[in-house]
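Here's a walk through one protein model, heading by heading. Keep the structure open and follow along.

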Amino acid sequence: MTTRSDFPSGLSVCMVSVMLIVLRHGQTQWNVEPRRCQGQLPVELNDVGRRQALEVADSMDMPDVLYSSHLLRARQTAEILIESIAKRTSAPIPEHRIDERLAEVHCGEWQGEWFDDLKKRYPEAWQSLSKDELVFRFPGGESFAQVLERFRESLTELDRIHSEATVLVVTHG
């Protein structure tokens, strides 16, 4: 594994030797206008999100290893993908491993709120988020820099444990 740390804000990126396929979960109703702040709430896929997972599965082979966030929308996407690939290919289904480090940013007090309402109620905080989202920390939650760090830790571990494997990771965007 190679690590590069010359990125802004002291963030580092790891380059892994596994074949890594990273997918964002399918659409939820909260992703549709008017949007809500999902954060780490248990929001399920909508019909479009389930179709999206099926469409992606049509173009994939079965991975050796499957990981996802513990959040419902990522788990549902992973399960739809794997079940669909298994039906099409008859390949053995890998164990579905959960890694909480792959979770969406924890939006603290903003979770579940409508974005339009947040912009009106917290204009200074919203401006700060818009200006530098890596540094902004959600009230009672975490920053995107913290999310990137835990994600990097997870990928580093995946590289160490599963070298030479094809690993599917279903996470958030």
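## Salt bridges

The count comes to seven salt bridges, where a salt bridge is a side-chain nitrogen of Lys or Arg within 4 Å of a carboxyl oxygen of Asp or Glu. Before going further: this is a predicted model, in which local features need pLDDT of at least 70 and side-chain atom pairs count only at pLDDT 80 or more, while totals for chains, interfaces and linings use all residues. Residues are numbered from 1 along each chain as its sequence is written, and side-chain values use heavy atoms, with hydrogens and water left out.

One of the bridges joins Asp 99 to Arg 101, at 2.9 Å from N to O. Asp 99 is buried, at 8% relative accessible area, and Arg 101 is partly exposed, at 22% (buried means under 20% relative accessible area, exposed over 50%, partly exposed in between, with a 1.4 Å probe and protein chains only). Glu 157 joins these two residues, Asp 99 and Arg 101, in a network of salt bridges. Another bridge pairs Glu 95 with Arg 97, at 3.7 Å from N to O; here Glu 95 is exposed at 55%, whereas Arg 97 is partly exposed at 28%. Then there's Arg 121 with Glu 113, whose closest N and O atoms are 3.3 Å apart. Arg 121 is partly exposed at 44% relative accessibility, and Glu 113 is partly exposed too, at 24%.

## Helix H2

Now for H2, which covers residues 72-89. Helices are DSSP runs of H or I with at least four residues, strands are runs of E with at least two, and both are numbered from the N terminus. H2 has 18 residues and reaches 26 Å from its first C-alpha to its last, close to the expected 26 Å; the expected span is 1.5 Å times one less than the number of residues.

## Strand E4 and its neighbours

E4 is covered on both faces: Val 65 and Tyr 67 are buried on one side, Leu 66 and Ser 68 on the other. E4 runs parallel to E6, with four bridges joining them, and Val 65 stands opposite Val 167 in E6. E4 also pairs with E5 in the parallel sense, over three bridges; Leu 66 stands opposite His 96 there. Two strands pair if DSSP finds at least two bridges between them.

Leaving out residues up to four places away in sequence, Leu 66 touches Ala 78, Ile 82, Pro 94, Glu 95, His 96, Arg 97, Leu 168 and Val 170 (contact means heavy atoms within 4.5 Å).

## The nonpolar cores

In soluble globular proteins, nonpolar side chains tend to be buried together. A nonpolar core is a set of buried Ala, Val, Leu, Ile, Met, Phe, Trp, Tyr and Cys residues joined through side-chain atoms within 4.5 Å. The largest nonpolar core here has 16 residues, and the members touching the most others are Met 60, Leu 66, Leu 81, Leu 168 and Val 170. H1, H2 and E6 are the elements that give two or more residues to this core, and H2 gives the most, with seven.

A second, separate core holds 11 residues, including Cys 37, Cys 107, Trp 110 and Phe 115.

How many disulfides does the model have? The count comes to zero, a disulfide being a pair of cysteine sulfur atoms within 2.5 Å. Cys 37 has its closest cysteine sulfur in Cys 107, but the 3.4 Å between them is too far for a bond. Both are tucked away by the accessibility rule: Cys 37 counts as buried at 3%, and Cys 107 is buried with a relative accessible area of 3%.

## Helix H5

H5 spans residues 144-161, and its end C-alpha atoms are 26 Å apart, in agreement with the 26 Å its 18 residues should span. Among its buried residues are Val 147, Leu 155 and Leu 158, along with Arg 150, Arg 152, Ser 154 and Asp 159.
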